Amino acid sequence: MNVHVGLNVVDLEKSIEFYNNVFGEKPVKKKDDYAKYLPDGLQLNFTLNVIPKVSGNQVGHFGIQVENKEDIDRHKQRLEKLLFFTREEKDTNCCYALQDKFWITDPEGNEWEFFYTKEDDEENKAEQSCCN
């Protein structure tokens, strides 16, 4: 099974350029108003997170979970070489897990986290919700 995420964008070409770099692949289908990616080997970690109130955009963020710490470093270096600004977090406890991660933002303002889970934890010790 594949998880489907349909993201609304304003500038298709700008978004295609962003996601070509993020996924390291080009779309498998492209039309004037549409692009479809089937990233090789990508599995999506999809979470539901309780917050006090929802309004407007229901997306908190998107994430790509990697297999090991070396993958975090490799993807971070790859995207920084492409001049993406990354915000790094090491030994972060959120989503009931100890994680290393970094964040990037797409042209529409959606945040993406690349993360590696070191170990599960029974508590969510983040000062603010990192899992929203």
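I began with Glu-13, which is partly exposed at a relative accessible area of 45%. My classes: buried is under 20% relative accessible area, exposed is over 50%, and partly exposed is in between (1.4 Å probe, protein chains only).

The model is predicted, so I took local features at pLDDT of at least 70 and side-chain atom pairs at pLDDT 80 or more, while totals for chains, interfaces and linings use all residues. Residues are numbered from 1 along each chain as its sequence is written, and side-chain values use heavy atoms, without hydrogens and water.

**Salt bridges**

I looked up the partner of Glu-13. The side chain of Lys-30 meets Glu-13 in a salt bridge at 3.0 Å, N to O. This pair links distant parts of the chain: Lys-30 lies in strand S1 (residues 29-31) and Glu-13 in helix H1 (residues 12-23), 17 residues apart. Lys-30 is partly exposed, at 44%. My rule for a salt bridge: a side-chain nitrogen of Lys or Arg within 4 Å of a carboxyl oxygen of Asp or Glu. I counted 11 salt bridges by this rule. Helices (H or I, at least four residues) and strands (E, at least two) are DSSP runs, numbered from the N terminus.

Next I checked Glu-113 and Lys-101. Their side chains form a salt bridge at 2.9 Å, N to O. Glu-113 sits in strand S6 and Lys-101 in strand S5, 12 residues apart. Glu-113 is buried at 4% relative accessibility. Lys-101 is buried at 1%. I also found a network: salt bridges with shared partners join Lys-69, Asp-73, Glu-88 and Lys-90.

**Strand S6**

I then traced the pairing of S6. Two strands pair if DSSP finds at least two bridges between them. S5 (residues 97-105) and S6 pair antiparallel over nine bridges. Their hairpin has five residues between the strands, and Gly-109 there takes a positive phi near 95 degrees. S3 (residues 62-65) runs parallel to S6, joined by four bridges. Ile-64 stands opposite Phe-114.

**End of S6**

Asp-120 lies in S6 (residues 111-120). Its bridge partner is Ala-97. Asp-120 is exposed, at 65%. I found Asp-120 in a negative surface patch with Glu-119, Glu-122 and Glu-123. Patch rule: residues have over 30% relative accessible area and no salt bridge, with like charges joined within 9 Å and nonpolar side chains (Val, Leu, Ile, Met, Phe, Trp, Tyr) within 5 Å.

Last, I looked up Cys-95, in the loop between S4 (87-94) and S5. Cys-95 is partly exposed, at 28%. The C-alpha atoms of Cys-95 and Glu-122 are separated by 9.5 Å, with the two residues 27 apart along the chain.

Notes: Areas by Shrake-Rupley, 256 points an atom, 1.4 Å probe, with all protein chains shown as cover. Lys, Arg positive; Asp, Glu negative; His and termini not counted. Charge placed at Lys NZ, Arg CZ, Asp CG, Glu CD.
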